[in-house]
Amino acid sequence: MAQNSTAYLFLIPWFIGFFGLNLLPMGASLFLSFTNYNVFDLPKFDGFSNFVYMFTNDWHFPAAVSVTIRYVFSAVPLQLFASLVLAFLLNQKIKGLTLFRTLFYIPSLLGSSVAVGILWRQIFSSDGLLNILLQKAGLMPEAGISWIGDPRYALWTIILLRVWQFGSPMIIFLAALKQIPQEILEAAEIDGARRFQRVWRIILPMISPIILFNFIMQIISAFKVFTEAFIISGGAVGGGVVGGTLDSLLFYTIHIYSEGFLKFRMGYASALSWVLLLMVAVLTWIAFRITSRFVHYE
């Protein structure tokens with residue numbers, strides 16, 4: 001009993017954080033999602049009106065879902081592919097390997113910062129660094145292209161920023177590669193298996209649980225993207241949020257921010273948040289169901 005009491009004593013800060021910063025706010029937002037609440041007045045119970053409005057009258061909602069889905073399923077596979085390739089390269093015996101690992105991890109530490117968002121916006125503006133380099137190479141007319149302002153390219157600038165943040169999944173992949181017994185790979189090589197065959201038939205199946213883990217974690221993280229999208233799309237102007245030209249950068253989180261903190265429709269923003277949670281939960285469940293045949297835990 002004394003040991004249990006000591007353990008619970010040390011767990012008190014966690015319990016305070018879990019109930020005070022997670023469970024209670026989630027319960028409050030669930031209640032507010034069924035109310036008409038503008039922050040200044042008391043919430044008024046309104047039933048399912050927020051959800052009805054979301055699916056019938058909010059024309060920003062489908063645009064936000066479309067942008068976010070396209071971002072998630074473009075950026076996450078590219079990010080995981082880049083991180084896996086780099087993990088294979090960094091798993092080789094080369095000089096200065098520790099330095100390379102550190103340098104490749106730095107983008108993950110900086111990628112979601114406001115400073116990098118501003119820098120990215122400057123690089124891809126009409127008079128930014130990318131256009132200057134393309135003009136010097138003779139590949140771009142003098143007028144240049146506003147990569148952020150053009151709906152055809154705007155989303156890809158943020159996808160590229162996501163791919164650049166490959167450090168975190170790369171480290172996890174690298175740790176998984178280190179756990180593969182070298183005897184298995186050496187035996188396969190002796191039996192005549194080529195490098196590609198060893199990768200496809202042995203290495204990838206053995207690290208498949210880690211691939212699934214990184215995939216799920218990066219999907220959840222990508223759905224929550226806000227800082228870089230908010231900065232690059234222009235931020236708050238005139239009481240509204242600039243979601244890029246033709247809402248090309250109107251991410252779901254930006255739509256929630258706009259409804260809750262600019263239009264003060266906190267009840268509706270709470271309903272949007274719970275729909276986002278439901279979408280992530282469904283996609284996670286689908287990912288587990290689809291990959292169950294390809295993930296090997298033994």
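**Buried helices and a nonpolar core in a predicted chain**

Ala-287 is buried (under 20% relative accessible area; exposed is over 50%, and partly exposed lies in between, with a 1.4 Å probe and protein chains only), at a relative accessible area of 7%. The model is predicted, so local features need pLDDT of at least 70 and side-chain atom pairs count only at pLDDT 80 or more, while totals for chains, interfaces and linings use all residues. Residues are numbered from 1 along each chain as its sequence is written, and side-chain values use heavy atoms, without hydrogens and water.

Ala-287 belongs to helix H14 (residues 266–291). Helices (H or I, at least four residues) and strands (E, at least two) are DSSP runs, numbered from the N terminus. Contact means heavy atoms within 4.5 Å. Ala-287 touches Leu-212, Phe-215 and Ile-216, leaving out residues up to four places away in sequence. Val-76 is 211 residues from Ala-287 in sequence, yet their C-alpha atoms are 13 Å apart in space.

The chain as a whole holds 14 helices and four strands. Its C-alpha atoms fill a box of roughly 75 × 75 × 35 Å along the principal axes. Of its 298 residues, 38% are buried. Among contacts with a separation of 6 or more, 68% join residues 24 or more positions apart. The accessible surface (Shrake-Rupley method, 1.4 Å probe; for residues, only the protein chains shown count as cover) comes to about 17,800 Å². Carbon and sulfur atoms account for 69% of this surface.

Which residues touch the most other members of the largest nonpolar core? A nonpolar core is a set of buried Ala, Val, Leu, Ile, Met, Phe, Trp, Tyr and Cys residues joined through side-chain atoms within 4.5 Å. The largest one has 63 residues, and Met-54, Tyr-71, Ile-207, Leu-249, Phe-251 and Tyr-252 touch the most other members. Helix H3 (residues 60–90) gives the most to this core, with 14 residues. Beyond its neighbours within four places in sequence, Phe-251 is in contact with Ala-64, Val-67, Thr-68, Tyr-71, Leu-155, Ile-158, Val-225 and Ala-229.

Helix H7 (residues 154–164) is largely enclosed by the rest of the structure, because eight of its eleven residues are buried. These are Ala-154, Leu-155, Thr-157, Ile-158, Ile-159, Leu-161, Arg-162 and Val-163. Their cover includes H3, helix H5 (114–123), helix H11 (208–223) and helix H12 (227–233).

Thr-35 lies in strand E1 (residues 35–36). Thr-35 is buried, with a relative accessible area of 0%. Its partners in contact, not counting residues up to four places away in sequence, are Pro-43, Lys-44, Phe-45, Asp-46, Asn-50 and Gly-267. A polar atom of the Thr-35 side chain also lies 2.7 Å from the backbone oxygen of Leu-32.

Two loop residues have a positive phi without being glycine. For Val-39, phi is about 80 degrees. Val-39 sits in the loop between E1 and strand E2 (44–45), and is partly exposed at 35% relative accessibility. For Phe-264, phi is near 55 degrees. Phe-264 is found in the loop between helix H13 (252–262) and H14. Phe-264 is partly exposed, with a relative accessible area of 35%.

How values were computed: Polar contact = N/O pair within 3.5 Å; in protein donor to acceptor, adjacent residues only side chain to side chain.
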